[in-house]
Protein chains: 4
Amino acid sequence: MSALVIAGQRLNSRLLVGTGKYRDFALMREALEASGAEAVTVSVRRVEVGAAGHQGLLEALDWRRYRVLPNTAGARTAVEALRLARLGRALTGSDWVKLEVIPDPTYLLPDPLETWRAAEVLVQEGFVVLPYIAPDPVLAQRLARLGCATVMPLAAPIGSGQGLRNRAMLEIFAQQRAQLPPIVVDAGLRWPSEAAGAMELGADAVLVNTAIAEAQDPVAMAAAFRQAVEAGRRAYEAGPMPERAVASPSSPAQGVPLPQPELPL
Amino acid sequence: MSALVIAGQRLNSRLLVGTGKYRDFALMREALEASGAEAVTVSVRRVEVGAAGHQGLLEALDWRRYRVLPNTAGARTAVEALRLARLGRALTGSDWVKLEVIPDPTYLLPDPLETWRAAEVLVQEGFVVLPYIAPDPVLAQRLARLGCATVMPLAAPIGSGQGLRNRAMLEIFAQQRAQLPPIVVDAGLRWPSEAAGAMELGADAVLVNTAIAEAQDPVAMAAAFRQAVEAGRRAYEAGPMPERAVASPSSPAQGVPLPQPELPL
Amino acid sequence: MSALVIAGQRLNSRLLVGTGKYRDFALMREALEASGAEAVTVSVRRVEVGAAGHQGLLEALDWRRYRVLPNTAGARTAVEALRLARLGRALTGSDWVKLEVIPDPTYLLPDPLETWRAAEVLVQEGFVVLPYIAPDPVLAQRLARLGCATVMPLAAPIGSGQGLRNRAMLEIFAQQRAQLPPIVVDAGLRWPSEAAGAMELGADAVLVNTAIAEAQDPVAMAAAFRQAVEAGRRAYEAGPMPERAVASPSSPAQGVPLPQPELPL
Amino acid sequence: MSALVIAGQRLNSRLLVGTGKYRDFALMREALEASGAEAVTVSVRRVEVGAAGHQGLLEALDWRRYRVLPNTAGARTAVEALRLARLGRALTGSDWVKLEVIPDPTYLLPDPLETWRAAEVLVQEGFVVLPYIAPDPVLAQRLARLGCATVMPLAAPIGSGQGLRNRAMLEIFAQQRAQLPPIVVDAGLRWPSEAAGAMELGADAVLVNTAIAEAQDPVAMAAAFRQAVEAGRRAYEAGPMPERAVASPSSPAQGVPLPQPELPL
């Protein structure tokens, strides 16, 4: 399989993971290990206020093994996102930022205008910007031209587990991949098959948090997502069989029916 | 992961594969190796008439490594299927038979009445019967009570690559699994994600032929299916997160929005 | 729109309806009126035992206006279905019978083997047989050759309201309509759009009960189904636009973009 | 059925139609008549340059019967859209404008940032603005707060005929309808059932052009869309039955199976 390269950095796994919603840090560490992920996102705001499950989070992981990806969850406006991005850089030493600007508490959908404003400033300030967006291919292209390092369209609302519901628009992202940075499908997945499906349609990576952290067995689920993402990418590169409107028997002899008359039982 | 047991025999892989449509035997052998499959199905009728790609097929594989699963493809009636099943037993020494009774050359869909008639006789003759059927849960239960060793509902027409189109009915199979032998989803898959999806909904195994044999790179695709089937089963056993109508942020602090007023840029 | 002809009888509506689950007969009568349906199915067994909502049902409707379609709901075997079919004929004077043989109380799915056995006898006894079946195109063809007057594949389990979940198999029915009697999609619908969708893919009629009877306003919902079925049939006959992988602007001038440079705001 | 009100104007039909792609004006007039639509959109740019099918278009329709809805198709930027909106007002005397800002010629997807910029100016200039947008609920809410008269999310790319592919996001629009002006699903439909489905999920109206104009029989298809939109709205207001995971028989007596033993045949 080909490697994923974001902003010139090679990542050996096409699965990115989050750190929220785990029962405890030990389980989180074990799940991250099983996932094979190299890039791990952390909520700057939740670390800042010491939200449940976030006290000591930055110390709980071995950052020599993982690339930290601070995110701006909690920001409702561009201004708030900028503050969190800068705080994230100060806390982690990383220029990378997963940009989330989310005014809506029910569906946690991102604001395209505020995201755009924040991305413009952050790129100028030298951040490596990975914006979380609605599945809007034109917005993605504009963020690409601005210099964003990825585009991160949502498969379904964050934490909803509804799966690859925006497949139609994600297929257009994939068709336009020549004009886009890596496409990271982010949010809404529940099952590994959905992650595999995102890779098969041409996504470069997927980001998963809730589907692993809230599985009954998060470690086994992390391992399952790892395999599924690899399977999906491998299949994409292998090239699928053609789809057909009708059936196709297993040999050119068209079913090779038996001659008539037939012997009795 | 738990093992698959069919008719008392433990199979280490939940992926079963076919032998049709490969460019040559060397490629087939390599793809089978990459698939990790233990059970391999062979068309008795095509071997009998030496159809394209089937001359020497039985000699081309090392049957110490694989469990041979003769199939009755080419049979349009119960009578024809019985002849092929018996011939398959004579040729391979195996009691197992993948029962296909297919009158329709366009969609290659099985005949429920003829399949039933043939299964009844074959079970009485001591065969281990694995019938290929439409996604009809009541037919499946009746075949189970007859003593069939699996039920093999189709995801989509053979070789069509349309994917998990009969998901709704397959979900009913899975709900009724306590009354069924192993459920092997057979036919119609194109992508590994679809195989993973079948496993996640509760199938016990999948059988894939065309999707591997007609991939641009069959060996890589076989490896992808292997991973996907394992991922799907692992996820099924791990237990998924709940699905939600709305979004769910990554911590109990509900998004932890920033206090107002906000600092200026 | 072309007329629906079943067993030589012309029906002016392609919507067939049931009589179960209504709050009272007055509401049922009003809903049936609004539906425009001509064929109305009645459970012989429920009338026989005077089940809730079925005492006096046969007297509650003006059978000069409606064609009664006795059904064998409650039958779990061919033998039971035969008894109910004959009883239905005695009670109603009609030779038509909607044949339901349903062993499974959870999903109410029909038994293909018992249905086949019962159909064979009923056709010989001069009944006009309309069998309720799983979406199995080969079973449908066999019932057609037996002389059944329609085939009635299920869209989803009875009363589940899950919609056109077996679309893939129903499309195969439609492809094979030259070899089939009228295809009546029966069971599982919830919304008029689903009834329209069934007609658009080539079904000849739909049968709806729960979606009307359990709507909050059954009379309005009946009117909606009436319109939707007509819309779907009309669209099927009108012939749709081609589907395209990409967009298509509204004129040959390809978007007619404006010349550059552009005037300032 | 309740009436559709846009910017204080009552429209008696919830189906809006376009004027592109018709073979000739006579056919267009007949199809518009059959559609029952009151609001009809016209490409200002194509009229301006006299593109194929647009010479004399404004004179070909009786504008006492229809509300003209000039659109800015052809605009790739906010600046271009403003010019076309103003030209449309001058040509038609109407303040209403369907705002389309589309930089992408392949999928004809709108630009959220340029649309926003143009909408801001047009609202200030007193236009009644109906913006065509990606299925982005947050963008929709921002345009609503700006004072737009509708939001017009796309079901699928213009003219693609792929149907209600963005259903998941459109459902979120409908959930948030209290904070939105009328939701007009625009673009991508092929079948009347899809228009009905959009209405059933809570859209206020649909706009259809290609599906009617490119049908084999545009007049019949227009009538079908008319019925389907009415059916969908009526069903939405009637309130559907509940959806169930399993089946539900047609009476409380749970299938009323027959007593055993059974009489012989």
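**Figure 1. The area buried between chain B and chain A.** In this predicted model, chain B and chain A bury about 6,900 Å² between them, and carbon and sulfur atoms give 58% of that area. Buried area is the accessible area, found with a 1.4 Å probe, that two parts lose on being put together, summed over both. The size of an interface is often given in this way, as the accessible area lost when the parts come together. Chain B brings 78 residues to the contact and chain A brings 78 residues, where contact means heavy atoms within 4.5 Å.

The model is a prediction in which local features need pLDDT of at least 70 and side-chain atom pairs count only at pLDDT 80 or more, whereas totals for chains, interfaces and linings use all residues. Residues are numbered from 1 along each chain as its sequence is written, chains are lettered from A and ligands numbered from 1 in the order in which they are written, and side-chain values use heavy atoms, with hydrogens and water left out.

Figure 2. Four salt bridges are counted between chain B and chain A; a salt bridge is a side-chain nitrogen of Lys or Arg within 4 Å of a carboxyl oxygen of Asp or Glu. A:R190 and B:E243 form a salt bridge, with their closest N and O atoms 3.9 Å apart. There are also 22 residue pairs in polar contact between chain B and chain A, both residues being at pLDDT 80 or more. A polar contact is a pair of N or O atoms within 3.5 Å; within protein, one must be able to donate a hydrogen and the other to accept it, and residues adjacent in sequence count only if both atoms are side-chain atoms. On the side of chain B that touches chain A, at least two residues come from each of α2 (44–49), α4 (78–92), α8 (192–200), α9 (210–213) and α10 (218–238) of chain B. Helices (H or I, at least four residues) and strands (E, at least two) are DSSP runs, numbered from the N terminus. The helix that gives the most to this side is α10(B), with twelve residues. By class, the side of chain B that touches chain A holds 41 nonpolar, 20 polar and 17 charged residues; Ala, Val, Leu, Ile, Met, Phe, Trp, Tyr, Cys and Pro count as nonpolar, Asp, Glu, Lys and Arg as charged, and the others, Gly among them, as polar.

**Figure 3. The contact between chain D and chain C.** Here 78 residues from chain D meet 78 residues from chain C, and about 6,900 Å² is buried between the two chains, 58% of it on carbon and sulfur atoms. Four salt bridges are found across this interface. One salt bridge joins C:R190 to D:E243, with the closest N and O atoms 3.8 Å apart. Between chain D and chain C, 23 residue pairs are in polar contact, both at pLDDT 80 or more.

**Figure 4. The rotation that relates chain D and chain C.** Chain D is superposed on chain C by a rotation of 180 degrees with 0.0 Å of shift along its axis, at an RMSD of 0.0 Å. Copies are superposed by least squares on the C-alpha atoms of residues with pLDDT of at least 70 in both. The two copies are therefore related as by a two-fold rotation axis. In chain D, the C-alpha nearest the axis belongs to D:S193, 2.3 Å from it. The same surface serves both copies, since 100% of the contact residues of chain D recur in chain C.

Figure 5. A:T150 lies in the loop between α6 (137–146) and β8 (152–153) of chain A. The residue is buried, with a relative accessible area of 0%; buried means under 20% relative accessible area, exposed over 50%, and partly exposed in between (1.4 Å probe, protein chains only). Not counting residues up to four places away in sequence, A:T150 touches A:I6, A:V129, A:L130, A:P131, A:P181, A:P182 and A:V184.

**Figure 6. Helix α7 and residue C:G88 in chain C.** In helix α7 (residues 167–175) of chain C, the buried residues include C:A168, C:M169, C:L170, C:I172, C:F173 and C:A174. The buried residues of α7(C) pack against β7 (128–133), α6 (137–146), β8 (152–153) and β9 (184–186) of chain C. C:G88 is found in helix α4 (residues 78–92) of chain C and counts as buried at 0% relative accessibility. Leaving out residues up to four places away in sequence, C:G88 touches C:V44, C:P70 and C:G93.
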